[in-house]
Amino acid sequence: MPQAKGPARDMTQTLGLLAAVAVFVALGLVFLWVPAERVMGDVQRIFYFHVASAWNAFLAFLVVFVASIAFLRSGSHRWDTLAYCSAEIGVVFTTITLITGPIWARPIWNTWWSWDPRLTTTLILWFIYLAYLVIRSSAEGSQQQSRLAAVFGIIGFVDVPIVFMSTRWWRSIHPTLIQTDKMNMEPSMVFTMVFSFVSFTILYAFLLSYRVRLETLAERAAALKRDLRR
Amino acid sequence: MTLKPSFPRAVWAMLVKDLRLEFHTKEMFSALLIFALLVAVAFSFAFDVAPEGLREVFPGMIWVAFFFAGMLALNRSFASEKQNGCLQALMLGPFDRSAIYFAKVIGNLLVMLASEVVLTPLFFIFFDMRLDGSIWLLAAIWLLATFGFIAVGTLLSALAAQARASEILLPIIVFPVITPVVMAAVKSTAGLLLGARLVDYAIWLKLLVAYDLIFLAVPFILFEYLLEV
């Protein structure tokens, strides 16, 4: 029986080390180096990890979408594992985004939550990928489970821009940072933000490779158990 | 003579079968009707508001009632085919599998529209609403919103029918995906009933059209993957 190989242990370990260093440096930049925002004060510092988490969530769901299409086209089990693991990580980062947002919003907007387009879209995104995970856990047989989840992974991602468009036509109070002509931020803040983005992306890559490796090993263990019982 | 029926013939045959079944049992139709009215009664107690306030919440009420009731109908759509291996038999048919999807979409759409034809006047009477705008515009909104809901719902109903506990799964997977339809339906209905100019809410109608087209095309591609054995 050909054994599916997950990512090599060396690669996962290297990524883990890189991610640890990068996130620690990012923490240093966010809390010690970058100046406090003039109006909002220290609470604004949460923004660097908030936006980086949102970016990671989006990246993770994009990977789910691409891997789902690749799975349906090729039928290769590896794509399916990738989609599954990426969806799990995406849900975690969406949750982080949904928690850090209100912590910032409470002192700044004077409310924990508002039905603003980005907040609403993020919340619906969270529901869509929770549904994706529910489908994975409720289908019978791994082959069927993969197909159903892949179909939903595509539908869900196609739906996201439409959700965003429709929620946008309500008045938005979410701050717009990146305008078309200029960045609305001080250079040291831009640097910290870019650094947080990069370190979170490495963190995502590490979590994904770790999770895929774990899933592959779990499948191998299950296959071995089946062989032993026979 | 060829044994392979054309695509429209296959759709027609399955549609007639579904409608005949529905006509005899009235399973979906009666469930839709009764449940939507029950939701209306629940709303009348939940929002005990003055008539002026009612105009504001009415569009939301009517669509939430329709979509909740529609969920019941969708649950039956493929669950009934699971009995006695009917779905496998349909899949063995000598035609493209998306024909099954289209037949189901048209069938579900007709049943839901039929129940809306009865329900809409009842809702207007119960909540003392008057329609000042065009009835054709109302019909267009009803058709576009119901179609969007059914197009996505039918695909996901086929998906849920193959999983365990499909009755619980279906609402969880349908509602997040149809949020744009809910928003657009409520906003355009509110525009119509509150006497806004068409240009002010035309954007929601455009959204509905776009949504309907996208979620007719995407299931067309994906449906055959859904029904593999």
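Modeller: Two residues are in contact if their C-beta atoms, placed from the backbone, lie within 7 Å. By this criterion, 25 residues of chain A are in contact with 23 residues of chain B. The model is predicted: local features need pLDDT of at least 70, side-chain atom pairs count only at pLDDT 80 or more, and totals for chains, interfaces and linings use all residues. Residues are numbered from 1 along each chain as its sequence is written, while chains are lettered from A and ligands numbered from 1 in the order in which they are written.

Colleague: Which helix gives the most to the side of chain A that touches chain B?

Modeller: Helices are DSSP runs (H or I, at least four residues), numbered from the N terminus. On that side of chain A, α5(A) gives the most, with 14 residues.

Colleague: How is a kink read, and where does one lie in α5(A)?

Modeller: The bend at a residue is the angle between axes fitted to the seven residues ending there and the seven starting there. In α5(A), a kink of about 25 degrees lies at Val160(A), shortly before Pro161(A). In α7 of chain B (residues 166–193), the kink is about 55 degrees, at Ile178(B), shortly before Pro180(B).

Definitions and conventions
Helix = DSSP H or I, 4+ residues; strand = E, 2+ residues; numbered from the N terminus.
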